[in-house]
Amino acid sequence: MPLVWLRLIWRISYALFLIFVVTVATSMPIVFAAPPLARVSSAVEYDIVVHIDPDAQTIKGRSVITTTSPHELILTLGRRFKVTQALVDGAILEPSGTSPGMMRTWQILGSQSVPRRIEVYWYGKLSPLNTSLNHQQTLGRPEPVSGSFGTFLPDSSGWYPRIVGELASYRVTLEMPPGQRGLVAGRIIEESESGEGYHARFEFPFPSEGIDFMGGPYTVKTDTMQSTGGKRIQLRTYFHPQIKELARVYLDAVKDYIDLYESWIGEYPFTEFSVISSPTPTGFGMPTLTYLGIDVLRLPFIRSTSLGHEVLHNWWGNGVYPYYPGGNWSEGLTTFMADYAYKERIGPEAAREMRLSWLRDFAALSPGQDSALDTFTTRTHGASQIVGYNKAAMMFLMLRDLLGYESFDRALKAFWHHQRFRIASWSDLRRAFETESGQDLKTFFEQWLTYTGAPTVRIAKAIRTQSDSGYCVTITLEQVASSYNLRVPIAVHTKEGKEIRTFDLDHDRQTFSFGLRTKPLEVALDPDWRLFRRLTPDEAPPILRQVMVDQTAVTVLLSGMGEARVAAEALAKKLQNRAPKIVSATDALTATPVLVIGLQEQVDMWLILHKLPARPVIIRRDGTAHAWTVVRKDGVTLAIVSAQDTASLEALLRPLPHYGRQSYVVFDGARAIERGTWPARVQVVKLK
Ligand SMILES: [Zn+2]
């Protein structure tokens, strides 16, 4: 089977940036000793020398590609570059000529005389750096950009000649003018600076998916640490001068994360890790490094959340590569062992809150809007993140609940041990968990990976009876229109406290009975939110995102004309990322979610007209604008945006779309001064 893969850029989840402080403890026992790291050879090796001049925005390079592959190969390079010479084993290589798009290609016929040597000389112009681009725009442009404030040549821009579809190891030698520094992922083996300029040589001896180049007027700070296997790891920050004082805290944080994951998974697979500042507000990681916007790096919570996530990708994603056609498991596992694990370290309440937020986000999707987890490759929009990151992380949580911590962690270590620098699939993960636990996990993996949607679980009935020896509870559970095998946690409350019992629900409807000494008072379904399911409208506190992502949502604009109307319509469009479906303010409400936008008095009148609850007390007093959700009796969500005047409405345009996870937000101008979610309501049945 041909090697099919996608060039993946690890994207940081800004939605997960919650402000908290966590100290990463490193006290987990080491119960696993990794064998010495075997060098994994690639069929393709690049030896590149490039000279990059950011002021002139030029690049000039020479690459020698060595390959042991006897097959036909396709060589590509960005069309913007000129090739002065291309040779295969000394013979001139002509372009294929017909290739469309932004890449130029050459066909290299198969040959039994290996290794083959391909040599390419090229030069060209880079695009000017535009620091006003946002995160999405930076990622969305496969364009090589350069300027004195920063250079970024993404692999996808075709800045160097590469063989299509092959993982490759490489050496890169780079030259830049004085004051500039640059790097690619990998180990730095030579570095010097003189009046002539900066010179550095990097080596990446593992199969890599591609090469990204970063450069800038960096101040470099270096530190070292020892891996569990005694290997020296070089840590570096490449920071713009305005944030150079942050270097120390970043280096310390990286050390803590490497310690944590070495003891949890196995030895850090590389010999370096660098944190690099980017002139645009982007954020992502590659093997051995993470590239984060200057302003992003300034946020104190980045060190306690996203940084650890990116460090962990050196194991999951860049240490073991996902088999993309079968689904990318690495984001879910990384979210579980980074973002979620940090919440567990803060405490059970913080972890519970994160699980609830995952379920709440999923509940905000309209049925059919999600895809099966095994089709997730990379985060492209909100729904794919909710599945690829959150649902997958919750799947790992359920798996750990099923297998127990020890067996779960043993399987992860074994998976790492066997799959390092290999492409591994969900099935490989399943096999690792099956081997370590001795359990058949076919159904578990199949249902969570291949089914779309999620089960809705309900307590259909629960009664208490009394006997000579105590009490008996009989509880009927049902899953609505789904056929999962579920482990449903039920909390039984007595006067003395609560205990959790787990029931295997593998039919539509099942009845379970159990005895108790103490009088049971009530039962609650999964009160800690440990089961992946679609929350019922009663359980899920409505959040603003529901009217933002639901394609059927309609919009009511209460200002009939003028500037207020224009502002309201622009806001609706921004929130829903599409042209709003506008309905009349006097129409009866239908069974679809509704976004209502208007000025304060208009909103209050409209709520009375439709017999809806008045503006909630919690947001009534302050601010120039309010946004909040209401659930109608039939379970349909409304989001209401109310501003005191047109200017206050216009001020919401930029900030409000970022508050989709909230049930209410109070704004003073463009600044959110209060926000929160309505409390979730656990399904409880009082026993009679
Ligand atoms: Zn990630």
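**Strand pairing and overall dimensions of the predicted model**

Ser467 stands opposite Gly470 of strand β26. The two strands concerned, β25 (residues 456–467) and β26 (residues 470–480), run antiparallel and are joined by 11 bridges. Two residues separate β25 from β26, and the pair forms a hairpin. Strands are taken as paired if DSSP finds at least two bridges between them. Helices (H or I, at least four residues) and strands (E, at least two) are DSSP runs, numbered from the N terminus.

The structure is a predicted model, in which local features need pLDDT of at least 70 and side-chain atom pairs count only at pLDDT 80 or more, while totals for chains, interfaces and linings use all residues. Residues are numbered from 1 along each chain as its sequence is written, and side-chain values use heavy atoms, with hydrogens and water left out.

An open sheet of eight strands has the order β6-β5-β8-β3-β2-β13-β16-β15, with mixed pairing. Its edge strands, β6 (91–92) and β15 (187–194), each pair on one side only. Within this order, β2 (residues 44–53) and β13 (residues 168–176) pair in the parallel sense over eight bridges. His51 stands opposite Glu175 in β13. Strands of a sheet pair through backbone hydrogen bonds, in either the parallel or the antiparallel sense.

In total, the protein chain contains 15 helices and 38 strands. Its radius of gyration, taken over C-alpha atoms, is 28 Å, close to the 26 Å given by the globule rule for 688 residues, so the chain is as compact as a globular protein of that length. The globule rule is 2.2 Å times the number of residues to the power 0.38. The C-alpha trace spans about 90 × 70 × 50 Å along its principal axes. Of contacts (heavy atoms within 4.5 Å) between residues at least 6 apart in sequence, 70% join residues at least 24 apart.

Of the 688 residues, 57% count as buried, which denotes under 20% relative accessible area, with exposed over 50% and partly exposed in between (1.4 Å probe, protein chains only). The protein chain exposes about 28400 Å², of which carbon and sulfur atoms supply 52%; accessible areas come from the Shrake-Rupley method with a 1.4 Å probe.

Arg661 is placed in the loop between α15 (646–650) and β36 (664–668). Arg661 is buried, with a relative accessible area of 14%. The C-alpha atoms of Arg661 and Thr677 lie 7.7 Å apart in space, at a sequence separation of 16 residues.
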